Amino acid sequence: MKRYLTFIGSVVVGATLALAGGATPAFATGCDDDCGGVPDFTLADGNATVDYGSGGMHNWVVDDVDHLFLQDFWVRVGDEYREQQVSSLHYVGGLATNTNIGDDRLDTLNVVYSGLGLEIDLTYVLRGGADGSQGSDLTEAILVRNTSDRARDVSFFQYSDFDLGGTAGNDTAQLVNANTVRQTDPTTVFNETVVTPAADLWEIAFYRDTFDRLTDGDADNLGNAESPLTGDVTWAFQWDFLLNPGQTFLISKDKNIGAVPEPSTVLLMGTGLIALALWRRRAVAA
Ligand SMILES: [Ca+2]
Ligand SMILES: [Ca+2]
Ligand SMILES: [Ca+2]
Ligand SMILES: [Ca+2]
């Protein structure tokens, strides 16, 4: 049985804050040093919800099926220190809002952290589909700013553990190209496109190899292996960049979940493509 591996103290404090602010805190402002970390947020739109709080993002539920065990970011400055989980850094503040019409629940989250001489600003935008469509989209923008007075040699990691269809052992993850990971199981297709920029390193592994190296006591880099891989897979990206004082680095990404097309649909699509090819060949010949 997989369990969330978070610091118990943070979870308890986060839950307390969430209760104090209501079941779905719409708004959480600046936090003093003793506030204990990020409170719990739930985003909702159309047929989808996603939870975010201490320990990162969990539970991307689309039409009542939970496809996500964990996604979060880790950061390291220099090669001599260990990686640190972004959601465990100092929580500066956060705001959940609604950014589309037709469904006025809170679908967009902006959270800001500081630590290691950096400010890290995360924005998640959830878009649900129609009920029963099994499709949903999540865009993410990550802004890393050097707020110190020295150059910072930054390694930034995204770690994702999707268990598509709510089942962990039957997923296949594949690096499609430098910008795209695809994960599939018998029911569900998932794609993540890194819009900009492409990562420097990547890794697909079995739970929880990568997680353990991100949370142990020393510096690690991703291994550019192993694709494709089937089982309880996880995958990660690593960006390495130098930030001078005041400089920023922006990463934009898009995640999409959808149902595996019915065989009849694939067949129809195939038939349509063949018909189109024949029509074009005839058109060229004419
Ligand atoms: Ca909305
Ligand atoms: Ca699965
Ligand atoms: Ca490590
Ligand atoms: Ca998994």
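**Starting at Val-260**

I began with Val-260 and found that it touches Pro-186, Thr-187, Thr-188 and Val-189, leaving out residues up to four places away in sequence. Contact here means C-beta atoms, placed from the backbone, within 7 Å. This is a predicted model, where local features need pLDDT of at least 70, side-chain atom pairs count only at pLDDT 80 or more, and totals for chains, interfaces and linings use all residues. Residues are numbered from 1 along each chain as its sequence is written, while chains are lettered from A and ligands numbered from 1 in the order in which they are written.

Val-260 sits in the loop between strand 19 and helix 3 (263-285); helices (H or I, at least four residues) and strands (E, at least two) are DSSP runs, numbered from the N terminus.

**Strand 19 and its partners**

Next I followed strand 19 (residues 248-259), which pairs antiparallel with strand 11 (residues 136-146) over ten bridges. Pairing takes at least two DSSP bridges between the strands. Strand 15 (residues 188-196) also runs antiparallel to strand 19, joined by eight bridges. Which residue of strand 19 is the bridge partner of Val-194? I found Lys-253, and Glu-140 stands opposite Lys-253 too.

Note on methods:
Contact = placed C-beta atoms within 7 Å.
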